[in-house]
Amino acid sequence: MSFSAVDHEMMALALRLAARGLYSTSPNPRVGCVITRKDKVVAEGWHIRAGDGHAEVNALAQIASAEDCTIYVTLEPCSHLGRTPPCADKLIDANVARVVVAVEDPNPLVAGQGIARLREAGIQADVGLMAAQAVDLNKGFMRRINGGLPWLRLKSASSLDGRTAMASGESQWITGAAARQDVQHLRAQSCAIVSGVETILHDNALFTVRPESFASEQVNEYWRQPLRVIVDSALRTPVEAKLFGEGGEVIIATVVTDPERYKPLAAAGAIILSLDDDGNGRVSLPALMRYLADRGCNEVLLEAGPTLTGSALRAGLVDEWFVYMAPSLMGSSARPLVDWPMTKMAGQQALEIVDIRAVGKDWRIHCRLPTSAESA
């Protein structure tokens, strides 16, 4: 299929609209829509949050008639009745002339059926324009629907010599204020933040999104605090931990099965999630990721110490890794970036560097795990 320069321009606009839902649409995908008449934009729409109108419906509401118009939408119009009526039917009823779709919806309830319905109604439906960009915007949704797991980002902060905390566990602060603010963007677009009990014991972290970090940006009012999940195999989380005092829901993932042990943390506000162990008495991370996917989590951020970081990497769960590196040295007795014993060069893990940039006085290294590149 050959697409014109106007087609590319309009789909690029639709993708920018879709990105406005970066922090709010979960568990739904981020979708944008542009309506044109004679190559001129007459309406725009984007999906804001689950349960509200889809991008196509929001765009159609902006004009009295879309007859003979062209619709540009970043994801295939839905063909099933969910919280809202099928968008494909809305477009058919509007008597549009053409629909340009970036990528098909992998949801089995749609999966090409929306496009087929449009074509059966005599509407020209062209698919595949800027598909890679549309997939990248919704890689978590795609991963969850296609593979039953969320897209897992790993965030670490280290010194130049690859250390993440002193031997005592002290780690505040390795990186500067600009890097810490940058992390807020990763948190805000995540459905859940996962960390380990050691981080709670040493740092008493909140793991919340701080809205003041977005003061200079256009962030819609429907952004939400992510679910916070603490991996605590032996239930050592203190009931006075700060994360129980504010923010959203807190889940403690454990292998402890005695319900009496749950009561103090439950009284503090935690939901206790009992999972299988990994064979070493620790929470099975694959089982935890499947649970989060079942809850509709598209993207998950792991902020943890070397042990949990190493476990996630060894399990092949990490899709991309953001390392914030400070221009400092912490010494050989400090804790390493990752706990992953290797004895031979042949065992080293290759990474693909996507981007390196300065963030304040620190450097942000964005890596992809080779196994993730083909499965987004």
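Biologist: Why is Ser190 called buried?

Modeller: Its relative accessible area is 0%. Buried means under 20%, exposed means over 50%, and partly exposed is what falls in between, with a 1.4 Å probe and protein chains only. Ser190 at 0% therefore goes in the buried class. Bear in mind that this is a predicted model: local features need pLDDT of at least 70, side-chain atom pairs count only at pLDDT 80 or more, and totals for chains, interfaces and linings use all residues. Residues are numbered from 1 along each chain as its sequence is written, and side-chain values use heavy atoms, with hydrogens and water left out.

Biologist: Where is Ser190 placed?

Modeller: In the loop between helix H7 (177-188) and strand E8 (192-196). Those names come from DSSP runs numbered from the N terminus: helices are H or I with at least four residues, strands are E with at least two.

Biologist: Which residues is Ser190 in contact with, leaving aside its neighbours within four places in sequence?

Modeller: Arg224, Pro226, Glu299, Val300 and Leu301. Contact means heavy atoms within 4.5 Å.

Biologist: What about Asp126, buried or exposed?

Modeller: Buried, because its relative accessible area is 7%. Asp126 lies in strand E5. Its side chain makes polar contacts with the side chains of Arg98, at 2.9 Å, and of Gln124, at 2.8 Å. Beyond its neighbours within four places in sequence, Asp126 is in contact with residues including Met1, Phe3 and Val100.

Biologist: How do you know that strands E3 and E4 pair?

Modeller: Two strands pair if DSSP finds at least two bridges between them. Strand E3 (residues 70-73) and strand E4 (residues 98-101) have four, in the parallel sense, so they qualify. Ile71, for one, has Val99 in E4 as its bridge partner. Both strands belong to an open, mixed sheet of five in the order E2-E1-E3-E4-E5. Its edge strands are E2 (40-46) and E5 (124-127), each pairing on one side only.

Biologist: How does helix H1 lie on that sheet?

Modeller: Helix H1 (residues 5-18) lies across E1 (32-37), E2, E3 and E4, at about 145 degrees to E1. Angles run from 0 to 180 degrees between N-to-C directions, with axes fitted to C-alpha atoms, for helices over the stretch in contact.

Biologist: Which strands make up the nine-stranded sheet, and what makes E11 and E15 edge strands?

Modeller: The order is E11-E10-E9-E8-E12-E6-E13-E16-E15, open and mixed. E11 (270-274) and E15 (352-359) each have a single partner strand, so one side of each has no neighbour in the sheet. The twist averages 20 degrees from one strand to the next. Inside the sheet, E6 (residues 151-158) and E12 (residues 299-303) run parallel, joined by five bridges.

Biologist: What makes Lys139 a charge over a ring?

Modeller: NZ of Lys or CZ of Arg must be within 6 Å of the ring centre and within 35 degrees of the ring normal. The charged end of Lys139 sits over the ring of Trp151, 5.6 Å from its centre. Arg180 lies over the face of Trp173, 4.3 Å from the ring centre.

Biologist: Last one: why is Lys38 called exposed?

Modeller: Its relative accessibility is 79%, so it falls in the exposed class. Lys38 is in the loop between E1 and E2, and its phi is positive, near 55 degrees, though it isn't glycine. Phe207 also has a positive phi, about 55 degrees, without being a glycine, but at 4% relative accessibility Phe207 counts as buried.

Definitions and conventions. A polar contact is a pair of N or O atoms within 3.5 Å; within protein, one must be able to donate a hydrogen and the other to accept it, and residues adjacent in sequence count only if both atoms are side-chain atoms.
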